[in-house]
Amino acid sequence: MNQDAAERLAARYARRAEPISLTPEELDFEHNPVTTSVPGVPVWAWIRFPSTAERVKGEACSWSSRAVQVLWEDAGLRRATWVWASAVTRRTNNSRKETLGDRTAREAG
């Protein structure tokens with residue numbers, strides 16, 4: 001990696017800080033029970049940061065009707081972040097986009 005690329009990467013990470021996960025009040029597990037999957041479901045997810053958002057490649061390991069816990073890797077660190085379900089789509093080998101809700105509804109039926 002050349003010096004210019006390294007400086008751009010350092011600036012990107014400095015701007016991002018820590019990911020913003022949903023709060024316990026937003027998750028409301030008392031009224032929104034969680035389903036867990038091992039292994040996780042391959043997904044693309046939008047992760048929010050204080051001044052930006054990034055689409056990451058990850059796994060949905062737990063979810064409710066409104067939120068998904070995404071496991072993803074960030075500069076060699078394994079992270080877990082809760083995001084709104086609408087911020088997550090399943091990774092597939094074809095071009096059809098499928099939300100996690102579509103997958104779980106199909107498997108339940």
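Reader: Why does Arg78 count as exposed?

Author: This is a predicted model. In it, Arg78 has 53% relative accessibility. Exposed means over 50%, so Arg78 counts as exposed.

Reader: What makes Glu59 and Arg78 a salt bridge?

Author: Their side chains meet at 3.7 Å, N to O. The cut-off is within 4 Å, so the pair counts as a salt bridge. Glu59 sits in strand β2 and Arg78 in strand β4, 19 residues apart.

Reader: Why is Glu59 called partly exposed?

Author: Its relative accessible area is 29%. Buried means under 20% and exposed over 50%, so a value in between is partly exposed.

Reader: Why is Asp74 called buried?

Author: Asp74 has 6% relative accessibility. Buried means under 20%, so Asp74 counts as buried.

Reader: Which salt bridge does Asp74 form with Arg79, and what makes it one?

Author: The side chains of Arg79 and Asp74 meet at 3.1 Å, N to O. Salt bridges with shared partners join Glu18, Asp74 and Arg79 into one network.

Reader: How do you know that Glu18 forms a salt bridge with Arg79?

Author: The closest N and O atoms of Glu18 and Arg79 are 2.9 Å apart. Glu18 lies in the loop between α1 and α2, and Arg79 in strand β4, so the pair ties together parts 61 residues apart in sequence.

Reader: Why is Gln69 buried?

Author: Gln69 has a relative accessible area of 18%. The limit is under 20%, so Gln69 is buried. Gln69 lies in strand β3, and Ser62 stands opposite Gln69.

Technical notes:
Residues are numbered from 1 along each chain as its sequence is written. This is a predicted model: local features need pLDDT of at least 70, side-chain atom pairs count only at pLDDT 80 or more; totals for chains, interfaces and linings use all residues. Side-chain values use heavy atoms; hydrogens and water are left out. Two strands pair if DSSP finds at least two bridges between them. Helices (H or I, at least four residues) and strands (E, at least two) are DSSP runs, numbered from the N terminus. Buried means under 20% relative accessible area, exposed over 50%, partly exposed in between (1.4 Å probe, protein chains only).
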